[in-house]
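Student: I have this one open in the viewer and would like to talk it through with you. Could we start with the strands and move on from there?

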Amino acid sequence: MVDAWTFVPDAAALARRTVLITGANGALGSAVALACARHGASVVLCGRAVAALESLYDQIEESGAPQPAIVTLDLETAGDDDYLAFGEALAGGLSALDGLVHAAGTVGPLTPIEHAAAANWQRALTVNLTAPFRVTQACLPLLKRSHDASIVFTLDDKTRAYWGGYGVAKAGLAGFAKILAHEWAPPPGETRTVRINAVDPGPLRSRLRRAAYPAEDALQLSEAAERVNPYLYLLADASGSVNGMRFSVNEPARAL
Ligand SMILES: NC(=O)c1ccc[n+]([C@@H]2O[C@H](COP(=O)([O-])OP(=O)(O)OC[C@H]3O[C@@H](n4cnc5c(N)ncnc54)[C@H](OP(=O)(O)O)[C@@H]3O)[C@@H](O)[C@H]2O)c1
């Protein structure tokens with residue numbers, strides 16, 4: 001298998017592909033969106049911070065990349081009607097979706113479980129676990145219309161002291177990705193149409209990281225743009241037979 005972390009895509013590796021990115025205005029999400037656009041994808045920028053999404057939209061449009069789109073969704077407060085409207089908005093504007101990158105995330109205060117506030121626990125579970133499930137479900141009708149659709153989850157191995165709801169949600173997300181990958185594994189001899197994989201990008205400079213490590217020297221951390229290669233690999237033709245894998249920085253790829 002290709003080393004996803006050093007994968008160098010062709011300039012047109014994602015031409016004629018449409019890729020939706022959640023958390024598109026975040027450090028990782030915007031880096032993935034810009035890289036996808038640079039390699040020819042039409043990107044759908046999903047988030048709740050409209051001004052930040054519009055600024056990214058302008059940057060992509062000015063670069064000469066295919067015209068992006070914006071779809072707004074608050075992953076903490078969205079209910080049934082919002083997910084219905086989200087699915088309808090996508091179906092109204094797109095004929096198919098070739099990629100879905102889950103790059104949204106939130107971390108609350110790091111505390112021992114004994115003192116964890118129920119509201120923070122709930123927010124972490126909603127944004128980091130329930131929302132990826134609901135966004136995936138809403139996108140599947142369009143993903144199924146692609147000849148080679150790729151879903152990429154973003155993991156973070158934090159099942160250790162004080163990471164509370166965030167750590168639990170990310171562990172649950174790995175389980176969710178594995179279940180989904182098994183469900184979409186094609187019977188022998190048939191072609192796979194939706195592939196599911198995950199990336200753990202490792203520590204990188206972002207608001208989320210600063211919230212967890214406020215005293216850290218952020219300049220010592222990698223920039224998100226240095227960690228986008230596995231996303232490009234998993235969204236491109238080059239990874240055509242890869243399903244149910246986890247790509248963690250500085251580790252060999254392994255099954256979810
Ligand atoms: N940074 C790291 O060291 C690291 C390591 C491993 C994994 N990750 C994962 O990488 C992903 C991206 O994180 P990041 O480091 O790039 O952090 P970030 O810059 O803080 O980005 C997080 C993104 O999630 C969005 N988001 C949060 N709550 C939301 C909500 N309720 N509704 C809609 N969008 C919401 C944010 O939007 P707003 O601007 O609207 O808040 C932002 O776009 C996360 O899944 C994180 O768990 C990060």
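Student: How many bridges pair E1 and E4, and in which sense?

Tutor: In this predicted model, E1 and E4 pair over 4 bridges in the parallel sense, and one of the residue pairs involved is Ile 21 with its bridge partner Val 101 in E4.

Student: And what about E1 with E2?

Tutor: E1 and E2 also run parallel, joined by 5 bridges, and the bridge partner of Thr 22 in E2 is Cys 46.

Student: Are the residues of E1 buried or exposed?

Tutor: E1 is mostly covered, with 5 of its 5 residues buried. Thr 18, Leu 20 and Thr 22 point one way, while Val 19 and Ile 21 point the other way. Side chains in a regular strand alternate between the two faces of the sheet.

Student: Which residues lie on each side of E4?

Tutor: Gly 99 and Val 101 are on one side of E4, Leu 100 and His 102 are on the other, and all of them are buried, leaving both faces covered. E4 also pairs with E5 in the parallel sense, over 3 bridges, and there the bridge partner of Leu 100 is Ile 151 in E5.

Student: Zooming out, what is the order of the strands in the sheet?

Tutor: The sheet is open and is formed by 8 strands in the order E3-E2-E1-E4-E5-E6-E7-E8, with mixed pairing. Strand E3 (69–72) and strand E8 (254–255) stand at the edges and have a single partner strand each, so one side of each is left without a neighbour in the sheet.

Student: Which strands does H1 touch?

Tutor: H1 packs on the sheet and touches strand E1 (18–22), strand E2 (42–47), strand E4 (99–102) and E5, and its direction makes about 170 degrees with that of E1.

Student: Back to the strands, how many bridges join E6 to E7?

Tutor: There are 3 bridges joining E6 to strand E7 (residues 245–248), and the two run parallel; among the residues involved, Asp 200 has Ser 248 in E7 as its bridge partner.

Student: I was looking at Asn 197 in that region; why does it count as buried?

Tutor: Asn 197 has 25 other C-beta atoms within 10 Å, and it counts as buried because the cut-off is 20 or more. Asn 197 sits in strand E6, and, leaving aside neighbours within four places in sequence, it is in contact with Val 152, Leu 234, Val 242, Asn 243, Gly 244, Met 245 and Phe 247. The C-alpha atoms of Asn 197 and Val 101 are 9.9 Å apart, although the two residues are 96 apart in sequence.

Student: What is Gly 47 in contact with?

Tutor: Setting aside neighbours within four places in sequence, Gly 47 is in contact with Gly 23, Ala 24, Asn 25, Leu 53 and Thr 72. Gly 47 lies in strand E2 and is buried, with 25 other C-beta atoms within 10 Å. Between the C-alpha atoms of Gly 47 and Gly 26, which are 21 residues apart along the chain, the separation is 8.9 Å.

Student: Changing topic, which residues are closest to the ligand?

Tutor: The closest are Gly 23, Gly 26, Gly 105, Ser 206 and Leu 208, out of 28 residues that surround the ligand. By type, the shell residues divide into 12 nonpolar, 9 polar and 7 charged, and helix H1 (27–38) and helix H6 (207–212) each supply at least two residues of the shell.

Student: And H5, how many residues does it have?

Tutor: Helix H5 (residues 164–184) has 21 residues and reaches 30 Å from its first C-alpha to its last, close to the 30 Å expected at 1.5 Å a residue. Its buried residues include Gly 164, Tyr 166, Lys 170, Leu 173 and Phe 176, and what covers the buried residues of H5 includes helix H4 (118–143), strand E5 (149–154) and strand E6 (194–200).

Student: Last one: what is the phi of Tyr 162?

Tutor: Tyr 162 has a positive phi of about 80 degrees although it is not a glycine. Most residues other than glycine have a negative phi. Tyr 162 is in the loop between E5 and H5 and is partly exposed, with 15 other C-beta atoms within 10 Å.

Student: Where is Asn 250, then?

Tutor: Asn 250 is in the loop between E7 and E8, and its phi is also positive, near 65 degrees. Asn 250 is exposed, with 7 other C-beta atoms within 10 Å.

Notes
Residues are numbered from 1 along each chain as its sequence is written. This is a predicted model: local features need pLDDT of at least 70, side-chain atom pairs count only at pLDDT 80 or more; totals for chains, interfaces and linings use all residues. A residue is near a molecule or strand if its C-beta atom, placed from the backbone, lies within 6 Å of it. Ala, Val, Leu, Ile, Met, Phe, Trp, Tyr, Cys and Pro count as nonpolar, Asp, Glu, Lys and Arg as charged, and the others, Gly among them, as polar. The expected span of a helix is 1.5 Å times one less than its number of residues. A residue is buried if 20 or more other C-beta atoms lie within 10 Å of its own, exposed if 12 or fewer, and partly exposed in between; C-beta atoms are placed from the backbone. Two residues are in contact if their C-beta atoms, placed from the backbone, lie within 7 Å. Two strands pair if DSSP finds at least two bridges between them. Axes are lines fitted to C-alpha atoms, for helices over the stretch in contact, and angles run from 0 to 180 degrees between N-to-C directions.
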